[in-house]
Each structure stands twice: as C-alpha cells, then as structure tokens.
Amino acid sequence: SVGLLVMTNSSGLAAKLTTPGLCEKEYLLRVNPVPDQASLLRLRSGVGIDDKPKNSDRGQTQPCDVTIVESGDKSAVLRFTIREGRNRQLRR
C-alpha cells in the first residue's frame with residue numbers, strides 16, 4: 001500500500017481534499033480472475049455493498065472509472081478512480 005501525506009495550514013485546501021466527491025482517488029488493484037466486460041460495466045455503474053440496504057442512498061456506490069491496465073491468464077491489474085470515500089469500498 002502506498003499513500004501520500006499532505007500537511008497544510010490552508011483550511012480551503014484541506015476542505016477540498018477531504019470533502020467526499022471533490023477529489024478523485026485512484027487505486028491499482030490486482031484481481032483474480034480476470035473480469036469480463038459485464039463485470040466491469042457493473043463496477044462502473046456502482047454496486048451495492050453490505051453496510052446499508054441497496055435501496056438506501058448509502059447502499060449503492062457512486063459510479064467509478066475502471067480500466068484494465070494489465071491482463072494475464074489468471075489475473076489482471078485494474079485502475080479504479082473513485083469520487084467518494086466509503087470505508088473499505090474497494091475491498092468489498
């Protein structure tokens with residue numbers, strides 16, 4: 001896992017960086033097996049996660065960008081760009 005620590009005394013910058021939806025976050029994930037196009041489409045349009053019922057506003061993730069960066073026989077590396085900060089959103 002790699003991250004970035006930003007220290008600032010600018011309240012405006014801090015608000016922009018920490019307000020959900022204002023700052024995109026990009027992740028590279030290795031997944032097994034290689035996802036098909038239908039799976040990628042579901043991920044791109046938003047999926048239900050376990051913390052809330054699917055019909056509530058927090059039960060469905062916001063749409064995200066997903067691209068295959070590298071693909072092998074059994075696994076692939078995906079680039080996810082998300083705009084919200086759900087707890088462990090990508091692990092679920």
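Let me start with T81, which sits in strand 3; helices (H or I, at least four residues) and strands (E, at least two) are DSSP runs, numbered from the N terminus. This is a predicted model, in which local features need pLDDT of at least 70 and side-chain atom pairs count only at pLDDT 80 or more, while totals for chains, interfaces and linings use all residues. Residues are numbered from 1 along each chain as its sequence is written, and side-chain values use heavy atoms, with hydrogens and water left out.

Is T81 buried or exposed? T81 is buried, at a relative accessible area of 10%. Buried means under 20% relative accessible area, exposed over 50%, and partly exposed in between, with a 1.4 Å probe and protein chains only. Setting aside neighbours within four places in sequence, T81 is in contact with E24, K25, E26, C64 and D65; contact means heavy atoms within 4.5 Å.

Now the whole chain. The protein has two helices and three strands, in the order α-β-α-β-β along the sequence. Of its 92 residues, 20% are buried. Among contacts with a separation of 6 or more, 53% are between residues 24 or more positions apart.

Next, the core. Six residues make up the largest nonpolar core: L40, C64, V66, L78, F80 and I82. Such a core is a set of buried Ala, Val, Leu, Ile, Met, Phe, Trp, Tyr and Cys residues joined through side-chain atoms within 4.5 Å. Strand 3, residues 76-82, supplies the largest share of this core, three residues. In soluble globular proteins, nonpolar side chains tend to be buried together.

Some nonpolar residues are on the surface. L4, V6, L13 and L17 form a nonpolar patch there, with about 390 Å² of accessible area together. Areas come from the Shrake-Rupley method with a 1.4 Å probe, and for residues only the protein chains shown count as cover. L4 lies in the segment before helix 1 (11-18) and is exposed, at 78%.

Two loop positions remain. Q62, in the loop between helix 2 (37-45) and strand 2 (65-71), is partly exposed at 39%. Not counting residues up to four places away in sequence, Q62 touches G46, R83 and E84. P33 is in the loop between strand 1 (25-31) and helix 2, and the peptide bond from N32 to P33 is cis, with omega near 5 degrees.

Note on methods
Patch = residues over 30% accessible without salt bridge, like charges linked within 9 Å, V, L, I, M, F, W, Y side chains within 5 Å. Salt bridge = Lys/Arg side-chain N within 4 Å of Asp/Glu carboxyl O.
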